[in-house]
Amino acid sequence: MNNKYKLAEDINLKVNTSVTYCSDAKQYNVPEFWTEAGKFGDCEDYTLLKRDLLLKENWPANKLFIACCWVETGGYHCVLMVDTDKGIFILDNRYNWPTPPTQLPYTWDKCEREGIWCELSF
């Protein structure tokens, strides 16, 4: 089993500390542009990079979910939801540690798994 909590924790911290937040509007001069984060990125860019790094470590694709939510300030946000050997956790650029989705101050909207979007609630 390659969906180990420790691997998710390590990749979350690695990406969060190596990427500097920058909005798509500032970086690309467009409201939204989904791409893996390089030196800079916004929430979905962090999410895509984390997903790619986990897949390269042979994490099962069916145990990774792109999730969208509203944060406590009302803004829309994107995170990576991972199914680990210790349960489901959120990898978020706002937190350096994996967090259970029910412990975050978010209102969940939808998630994507293997190209299909569905409603999400906890």
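## Glu112 and its salt bridge

At 10% relative accessibility, Glu112 counts as buried (buried means under 20% relative accessible area, exposed over 50%, and partly exposed in between, with a 1.4 Å probe and protein chains only). Arg51 forms a salt bridge with Glu112, and the closest N and O atoms of the two are 3.9 Å apart. The term salt bridge denotes a side-chain nitrogen of Lys or Arg within 4 Å of a carboxyl oxygen of Asp or Glu. This pair links distant parts of the chain, since Arg51 belongs to helix α3 and Glu112 to strand β6, 61 residues apart. Arg51 is partly exposed, with a relative accessible area of 27%.

The structure is a predicted model, in which local features need pLDDT of at least 70 and side-chain atom pairs count only at pLDDT 80 or more, while totals for chains, interfaces and linings use all residues. Residues are numbered from 1 along each chain as its sequence is written, and side-chain values use heavy atoms, with hydrogens and water left out. Helices (H or I, at least four residues) and strands (E, at least two) are DSSP runs, numbered from the N terminus.

## Other salt bridges

Side chains of opposite charge can pair when their charged atoms come close. A search of the whole structure finds six salt bridges. One of them joins the side chains of Lys63 and Asp83, at 3.5 Å from N to O. Lys63 lies in the loop between α3 and β3 (64-70) and Asp83 in strand β4 (residues 76-84), so this pair ties together parts that are 20 residues apart in sequence. Lys63 is partly exposed, with a relative accessible area of 27%.

Salt bridges that share partners join Lys6, Glu9 and Asp10 into one network. Glu9 is partly exposed, with a relative accessible area of 26%.

## Helix α3

Helix α3 covers residues 43-56, which makes 14 residues. From its first C-alpha to its last, α3 reaches 20 Å, close to the 20 Å expected at 1.5 Å a residue; the expected span is 1.5 Å times one less than the number of residues. Because 10 of its 14 residues are buried, α3 is largely enclosed by the rest of the structure.

## Two residues with positive phi

Most residues other than glycine have a negative phi, and most peptide bonds are trans. Asn58, which follows α3, has a positive phi near 70°. Asn58 lies in the loop between α3 and β3, and at 53% relative accessibility it counts as exposed.

Asn29 also has a positive phi, near 65°. The place of Asn29 is in the loop between α2 (24-28) and β2 (40-41). Asn29 is exposed, with a relative accessible area of 70%.

Cys111 is located in strand β6 and is buried, with a relative accessible area of 6%. Leaving aside neighbours within four places in sequence, the residues in contact with Cys111 (heavy atoms within 4.5 Å) include Phe65, Ile66, Ala67, Met81 and Trp117. The C-alpha atoms of Cys111 and Met81 are separated by 8.5 Å, although the two residues are 30 residues apart along the chain.

Thr99 is found in the loop between β5 (87-91) and β6 (107-113). Thr99 is buried, with a relative accessible area of 7%. The side chain of Thr99 reaches the backbone oxygen of Trp97 at 3.1 Å. Beyond its neighbours within four places in sequence, Thr99 is in contact with Phe89, Ile90 and Leu104.

Key
A polar contact is a pair of N or O atoms within 3.5 Å; within protein, one must be able to donate a hydrogen and the other to accept it, and residues adjacent in sequence count only if both atoms are side-chain atoms.
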